[in-house]
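This report describes a protein chain, moving from single residues in loops to a helix, a sheet, the domains and the nonpolar cores.

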Amino acid sequence: MKTRITELFGIQYPIIQGGMIWASGWRLAAAVSNAGGLGLLGAGSMHPETLTEHIRKCKAATDKPFGVNIPIMYPEMDKAIEVILREGVKVVFTSAGNPATYTSLLQKEGIKVAHVVSSSKFALKAQAAGVDAVVAEGFEAGGHNGREETTTMVLIPAVRRVLDIPLIAAGGIATGSAMLAAMALGAEGVQVGSRFVATAEASVHPAFKEKVVAAGEGDTELTLKELAPVRLLKNGFYQQVKDLYNTQQATVANLQALVGNRRTKRGMFEGDIAEGELEIGQVAALIDKVQTAKEVIDEMVAEYETSLSRVNTF
């Protein structure tokens, strides 16, 4: 399976594992890379010394390409970039900020850079900043999201119209048939987040994994737009957020006070399913078991090929 994305990153399959906070440690990234995809470490929930440890452990666990996701607006990302340069990481995905911030610095060191966007406008800005590839992430996605609420089905062809460089689709993709659909719409690879949360190697709490597996349609909602849009599983914390909106008290100050600075760690990493912040995509409704990362990739590739054969009979 060859595309510009497989050629760019030197991988077997055009499947990128999202660099999710609290989920994407070295075990997951190495497992995905060993299975033929591109594993990403999630630097957003790592102090510089922790990121250093995960990069070194990932190098020891795989001889395949892997990378690091840098959410630009997060604290300590300048130090994370220093770690990346020092440790010789070859691939960086940036998100949640201006792609021009680090792109040229990283590329001078031979690092491939992709940037995550939620609209055609930001895709063009990323291309102008010189990135090697763009990830267009639709409204269905978990974690931080765009305010435009453009679905992946609409976003990918819209971005493809204006973009010359390689395009990766994200948001609501957890199956081989969804991967085929994204490729048909103009993508040359896919970024998968939520399905890799429900894997043995993901570093999130087992209780969160089970909550993801149990989720059905309508069990998530995009909210907290006054801070940074994020898709949450509905639980006790979500209801507190909802109550602020229902009583017209959802000011930035009130939302910041409710969320605090440990709410995602409390839910996703420590397993407080009732009061923690649980970030996941709509596609959780299609995830019905915890698997290994290799099983996920093998199933996606097999379903992609089956779906392609089926479509070719039409």
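E76 is placed in the loop between β3 (66-71) and α4 (77-87). Helices (H or I, at least four residues) and strands (E, at least two) are DSSP runs, numbered from the N terminus. The model is a predicted one: local features need pLDDT of at least 70, side-chain atom pairs count only at pLDDT 80 or more, and totals for chains, interfaces and linings use all residues. Residues are numbered from 1 along each chain as its sequence is written, and side-chain values use heavy atoms, with hydrogens and water left out.

**Residues in loops**

The phi of E76 is positive, near 70°, and E76 is a residue other than glycine. L224 is not a glycine either, yet has a positive phi of about 60°. The loop that holds L224 lies between β10 and β11. A further loop residue is S45, found between β2 (39-42) and α3 (48-61). The table gives the accessibility of these residues; buried means under 20% relative accessible area, exposed over 50%, and partly exposed in between (1.4 Å probe, protein chains only).

| Residue | Relative accessibility | Class |
|---|---|---|
| E76 | 32% | partly exposed |
| L224 | 3% | buried |
| S45 | 18% | buried |

What does S45 touch, leaving aside its neighbours within four places in sequence? S45 is in contact with I21 and W22, where contact means heavy atoms within 4.5 Å. A polar atom of the S45 side chain lies 2.8 Å from the backbone nitrogen of W22.

**Helix α8**

Helix α8 spans residues 176-184, and its buried residues are G176, A178, M179, L180, A182 and M183. These buried residues pack against β1 (15-17), α7 (152-162), β8 (167-170), β9 (189-192) and α14 (293-312). Just after α8, G186 takes a positive phi of about 125°.

**An open sheet**

Strands of a sheet pair through backbone hydrogen bonds, either parallel or antiparallel. Here, 3 strands form an open sheet in the order β7-β11-β10, with antiparallel pairing. Two strands pair if DSSP finds at least two bridges between them. The edge strands, each pairing on one side only, are β7 (143-144) and β10 (220-223). Between β10 and β11 (residues 230-233) there are 4 bridges in the antiparallel sense, and T220 has L233 of β11 as its bridge partner. Helix α11 (residues 236-246) packs on the sheet and touches β10 and β11. The direction of α11 makes about 45° with that of β10; axes are lines fitted to C-alpha atoms, for helices over the stretch in contact, and angles run from 0 to 180 degrees between N-to-C directions.

**Domains and cores**

The domain assignment gives domain 1 (4-203) and domain 2 (206-283); such bounds come from an automatic or database domain assignment. Taken over C-alpha atoms, the centres of the two domains are 23 Å apart. In contact across the domains are 22 residues of domain 1 and 21 residues of domain 2.

In soluble globular proteins, nonpolar side chains tend to be buried together. A nonpolar core is a set of buried Ala, Val, Leu, Ile, Met, Phe, Trp, Tyr and Cys residues joined through side-chain atoms within 4.5 Å. The largest such core has 79 residues, and those with the most contacts inside it are I15, I70, F196 and F208. Each of domain 1 and domain 2 supplies at least three residues to this core. A second, separate core of 14 residues includes I16, A114, A133 and V135.

Conventions: A polar contact is a pair of N or O atoms within 3.5 Å; within protein, one must be able to donate a hydrogen and the other to accept it, and residues adjacent in sequence count only if both atoms are side-chain atoms.
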